[in-house]
Amino acid sequence: MPNRPQVTELLDAAGRGDADAQQTLFALVYDELKRIARGQVRRSGGKLSINPTTLLHEAWIKFARNDERQLSGSAHFYNLLAQAMRQVLLDIARKHATEKHGGAYARTELTDSLEQAERSIDELLAVDAALDKLRACDADLAQLVEWHFFGGLSFVEIAKARDVNERTVRRHWDMARAFLGDSIRDAAVAG
């Protein structure tokens, strides 16, 4: 992960309108963001028609378009980029789930096996709905899920960003997972 004080300095300069600082910031965090995007695409199980580079660039565009916000450090920056990646992935998942794009039909490929394809798009949409419920109850736990699940940050990185120990982050992760699991199961039973 890039040097957080340097990222924070560049964020401050970019916030003051320094275009060079924004370009330097992008170059500095590019490899880390690409790693995060690769993890997101890998988690989709190949069901989403996006590659890591495109995901990263789409998320950066979403992030860069919003000039009105004030960033309060590198943790806030990574949180906003995780949210932007989540939004890009959800937009693609929703598009694939529509009738126009064959959402009512199961995709079948001819292979030697007859295994059922993963339901990663449906799972992504279910996680998003459950995450909205979690945010209404506990915004910090929802942020933790975004950082880890959508942003790809490790528990160690999240602990550093939140200035807590890793055990605390893992304990909060377990609580968030339990809440999300219950919420997803409840939605499946109701649906």
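Helices here are DSSP runs of H or I at least four residues long, numbered from the N terminus. The model is a predicted one.

Q: What is the phi of the residue that follows α7?
A: Helix α7 covers residues 155–162, and Asp163 comes after α7. Most residues other than glycine have a negative phi. Asp163 isn't a glycine, yet its phi is positive, at about 60°.

Q: Is Asp163 buried or exposed?
A: Asp163 sits in the loop between α7 and α8 (166–190). Its relative accessibility is 72%. The cut-off for this class is over 50%, so Asp163 counts as exposed.

Q: Which residues of helix α7 are buried?
A: For α7, residues 155–162, we want the ones with under 20% relative accessible area. That list includes a Glu, at position 157.

Q: Is Glu146 buried or exposed?
A: Glu146 belongs to helix α6. Its relative accessibility is 2%. Buried means under 20%, so Glu146 counts as buried.

Q: Which side chain does the side chain of Glu146 join in a polar contact of 2.7 Å?
A: Setting aside residues up to four places away in sequence, Glu146 touches Asn79, Ala82, Gln83, Arg86, Leu131, Arg135 and Gly151. From that set, the side-chain partner in the 2.7 Å polar contact is Arg135.

Q: How are α2 and α6 oriented, parallel or perpendicular?
A: Helix α2 (residues 19–43) packs on helix α6 (residues 139–150) with axes 9 Å apart and an angle of about 85°. Angles of 65 to 115 degrees fall in one class, which makes α2 and α6 roughly perpendicular.

Q: How many charged residues are in the contact of α2 with α6?
A: On the α2 side you've got Ile36, Gln40 and Arg43, meeting His148, Phe149 and Phe150 from α6. Sorted by type, the contact has three nonpolar residues and two polar ones. The charged count is one.

Q: Which element gives the largest share of the largest nonpolar core?
A: This core has 50 residues. Elements giving it two or more residues are α1 (4–15), α2, α3 (52–65), α4 (74–97), α5 (120–137), α6, α7 and α8. The largest share is 13 residues, and it comes from α4.

Q: Which residues does Trp60 contact, leaving aside neighbours within four places in sequence?
A: Trp60 is among the residues with the most contacts inside the largest nonpolar core, a group that also includes Leu134. With those sequence neighbours left out, the contacts of Trp60 are Gln22, Leu25, Phe26, Val29, Leu33, Phe77 and Leu81.

Notes. Residues numbered from 1 in each chain as written. Predicted model: local features only at pLDDT ≥ 70, side-chain atom pairs only at ≥ 80, totals over all residues. Heavy atoms only, no water. Axes fitted to C-alpha atoms, helices over the stretch in contact; angles between N-to-C directions. Parallel < 35°, antiparallel > 145°, perpendicular 65-115°, else oblique. Contact = heavy atoms within 4.5 Å. Nonpolar A, V, L, I, M, F, W, Y, C, P; charged D, E, K, R; others polar. Buried < 20%, exposed > 50% of the residue type's maximum accessible area, 1.4 Å probe, protein only. Polar contact = N/O pair within 3.5 Å; in protein donor to acceptor, adjacent residues only side chain to side chain. Core = buried A, V, L, I, M, F, W, Y, C linked by side-chain atoms within 4.5 Å.
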